Amino acid sequence: MSALDDCFNIADLREAAKRRLPKGVFEFVDRATEDHLALAANRSAFEDVKLRHRSLVDVSNRSTKTMLFGKPAALPMVIAPTGAAGLCWYRGELALAKAAAAAGIPLTLSTASMTAMETIAEQAGGRLWFQLYVWKRRDLSYQIIERAKAAGYEALIVTVDSAVPPNREYNSRNGFALPFSPNPRFLMDIARHPSWTLGVMGRYLTTIGMPKHENYPAEFQGTITSGAAGRVDAMRIDSLNWDDIARFRDMWPGVLMLKGVNRIDDSIKAIGYGVDGIIVSNHGGRNMDSAAATLDVLPEIVGAVGDKCTVIVDSGVRRGADIVKAVALGAKAVLTGRATLYGTAVAGQEGAAKAIGIIKTEMDKTMAYTGLNAVHEISTDIFYDDWRSNHY
Amino acid sequence: MSRLDDCYNVFDLRDAAKRRLPKAIFEFVDRSTEDEVALKNNRAAFERIKLRHRSLVDVSNRTTKTMLFGKEISMPMAIAPTGAAGLCWHEGELELAKAAAKAKIPFTLATGAMTNMEKIAREANFRLWFQLYVWKQRDLSYGLIERAKNAGFEALIVTTDTIVPPNREYNARNGFNIPFQPNVRFTLDIMKKPEWFANVLVKYLTSIGMPRNENYPPQYQRALRADPKMFDVMRQDNLNWEDVKIFRDKWPGILMLKGINRVDDALKAISYGVDGIIVSNHGGRNMDSAAATIDMLPEIAQAVGDKITVLLDSGIRRGSDVAKAVALGAKCVLTGRATLYGTAVGGEAGASKAVGIIKTELDKTMAYTGCNGIDEITTDIFFGDRARNSMVGA
């Protein structure tokens with residue numbers, strides 16, 4: 001508990017998570033790819049946008065509430081899909097989902113998560129979205145879609161920026177890989193983090209056993225240590241294309257989103273395929289290190305799609321002010337991946353709730369300083385001068 | 001081998017090379033000139049260019065293969081000429097040439113190499129290019145051209161950006177120079193790296209003796225610690241377009257100029273019948289105020305169009321750099337340091353590792369940007385216009 005009490009922002013939660021997690025797990029969450037240029041660009045793009053105070057507006061009735069796909073959310077923020085929540089905390093996805101439900105924001109469950117989607121739906125409730133990695137054997141993905149539909153998920157998010165496995169050199173260096181290959185380096189790492197070993201791995205082993213990818217098709221649902229024969233080839237997704245989207249649109253009656261759209265032409269195409277939402281994302285800088293900052297890409301995409309499609313952004317959100325900036329540039333919501341995972345790693349549901357609370361408070365203060373009472377009032381009017389001149 | 005297994009990128013290979021090589025040799029390879037502004041700027045210019053993911057293109061049949069001067073290579077990359085490969089590893093040029101042949105990319109042998117060109121041609125024959133430093137006494141250079149022709153080299157690359165010896169202050173500081181002047185400082189340095197001493201220098205001393213510039217004309221082919229007065233013979237500050245004309249007459253194969261940085265020079269090269277130009281600042285090793293090559297490339301590529309093949313070097317460390325250069329009009333890049341680091345760590349296996357890393361990175365960049373072939377890589381994958389890109393973070 002004291003660990004959480006000492007955390008006043010996401011950077012503090014990150015530090016606390018770093019102390020608690022084995023290095024292999026922490027770096028899997030925290031780092032990005034190659035030279036970390038995209039990660040740095042994402043952050044600096046947010047930081048370079050400067051705002052102006054607006055004085056003497058009564059903001060005593062302000063609210064961060066907003067509508068997203070016709071339903072309310074407590075703030076324009078959603079939990080991004082991440083594969084490692086279950087390694088940050090014992091049944092971490094469930095802890096994160098409960099925190100999201102309690103805070104009144106949607107949670108996205110990843111294909112790669114370690115808690116079954118049905119368990120999340122039964123025990124956490126709230127607005128649930130499901131993220132899909134599409135595999136070479138498409139029928140496996142169709143099975144997963146049917147499961148998500150049956151479990152009552154509101155939205156399906158297809159990740160479209162991960163055509164090939166990214167170059168995450170630090171994972172190899174740390175001896176960390178999914179499925180786990182318990183090599184000496186990673187075992188030493190674990191031995192140095194007894195509270196994680198007992199509190200996370202120990203609890204799995206004494207209850208449900210080694211965590212599995214519970215949302216994989218049955219035939220590939222090996223534990224995270226064993227993997228399953230043929231899985232790597234079956235999971236290849238470099239043939240994913242627009243015909244698949246047409247198929248998903250037919251199969252999925254709910255909200256359909258594409259995650260990792262970074263081009264105007266792709267955005268316009270998404271509208272043509274009946275997609276409801278696009279997420280401007282570079283995967284937290286974790287895939288292509290030369291990727292442009294998402295906040296830089298956002299305005300032109302919003303300009304191109306107008307109201308025909310809901311635009312969401314992720315990659316780099318660490319402060320409430322970042323949400324305000326993204327909303328001002330046309331995003332209807334942001335997704336947070338690392339920010340809420342750090343919280344989960346420090347104290348499970350409570351830690352995730354703390355992360356959400358911190359960001360919400362920061363956003364509320366930013367709205368107050370800039371003279372805004374409601375999310376729909378946020379516009380580039382609060383930016384200092386032409387925001388692009390800030391940036392360059 | 002385990003050392004190579006721990007290297008996941010070119011920077012890891014660099015660190016491993018640094019541990020293995022005597023400081024003077026490592027710095028000769030790794031550093032550049034004066035304040036190393038050009039070196040940093042070469043890298044920064046690549047890093048400033050931002051790309052966009054393209055979604056939902058089936059890239060399962062993508063390939064990095066490309067055509068260069070009418071023949072296929074496995075990726076748009078060639079090994080740059082470097083004089084020090086033979087100091088990084090015993091017969092390092094041969095190791096590097098073998099790795100290039102296996103990877104199906106061209107290898108350029110430097111005039112200053114320590115393995116003779118006939119041996120390279122016999123043992124590592126894929127596509128071989130020969131780099132020429134032109135000497136004051138032109139006959140000597142003509143002799144070299146004849147040798148390269150007889151050995152079956154495909155291309156002749158005339159280096160045009162090295163009019164005078166560069167200001168490489170660290171070499172003097174380290175007591176390192178070619179020809180070798182084994183002073184106290186360099187000797188001490190060597191003693192700190194016994195593995196290099198045993199595996200490189202001793203192997204030379206027990207076989208051919210002190211390594212020598214095997215491709216120099218016989219009368220100057222002395223061991224590396226030969227008389228420094230030789231530099232007068234090697235002066236090339238009177239090299240001019242008339243020489244290019246003569247080389248064109250003498251060389252029936254592919255003729256390239258290395259170190260072209262101006263539109264007017266590029267156009268002139270076309271009129272002299274040159275087949276290829278290499279936009280290069282010599283890895284930032286000559287003039288420290290040189291502009292980044294990736295910044296100069298577009299105007300040169302636009303000016304020459306299809307009339308000449310444009311290549312680029314200086315600063316390539318990642319596969320994404322290759323994609324960026326190709327997008328801006330280069331048909332191929334050359335890697336100097338990147339593959340030398342690999343050679344220094346593991347000979348042929350290390351050089352192969354370096355080539356493989358860059359190829360994998362290029363492949364991933366193509367997949368992320370939705371390109372199935374090298375000819376599909378254009379500035380369409382860039383974020384914003386180039387002028388704005390290059391200002392980000394500036």
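Of the 392 residues in chain A, 52% are buried. The model is a predicted one. Chain A holds 18 helices and 10 strands. Its C-alpha atoms occupy a box of roughly 60 × 50 × 40 Å along the principal axes.

How does the radius of gyration of chain A agree with that of a compact globule? For 392 residues, such a globule would have a value near 21 Å. Chain A has 20 Å, so the two agree.

Now turn to a helix pair in chain B. Two packed helices are described by the angle between their axes and by the distance between those axes. Helix 6 of chain B covers residues 92-103. Helix 17 of chain B covers residues 337-369. They pack at an angle of about 15 degrees, and their axes lie 8 Å apart. Angles under 35 degrees count as roughly parallel, so helix 6 and helix 17 of chain B are roughly parallel to each other. Their crossing is left-handed.

Which residues of the two helices meet? Helix 6 of chain B brings B:Gly92, B:Glu95, B:Leu96, B:Lys98, B:Ala99, B:Lys102 and B:Ala103. Facing them in helix 17 of chain B are B:Thr339, B:Thr343, B:Gly347, B:Glu348, B:Ala351, B:Ser352 and B:Val355.

Conventions. Residues are numbered from 1 along each chain as its sequence is written. Chains are lettered from A and ligands numbered from 1 in the order in which they are written. This is a predicted model: local features need pLDDT of at least 70, side-chain atom pairs count only at pLDDT 80 or more; totals for chains, interfaces and linings use all residues. Helices (H or I, at least four residues) and strands (E, at least two) are DSSP runs, numbered from the N terminus. The radius of gyration is taken over C-alpha atoms; the globule rule is 2.2 Å times the number of residues to the power 0.38. A residue is buried if 20 or more other C-beta atoms lie within 10 Å of its own, exposed if 12 or fewer, and partly exposed in between; C-beta atoms are placed from the backbone. Axes are lines fitted to C-alpha atoms, for helices over the stretch in contact, and angles run from 0 to 180 degrees between N-to-C directions. Angles under 35 degrees count as roughly parallel, over 145 as roughly antiparallel, 65 to 115 as roughly perpendicular and the rest as oblique. A crossing is left-handed if the near helix is turned anticlockwise from the far one by less than a right angle, and right-handed if clockwise. Two residues are in contact if their C-beta atoms, placed from the backbone, lie within 7 Å.
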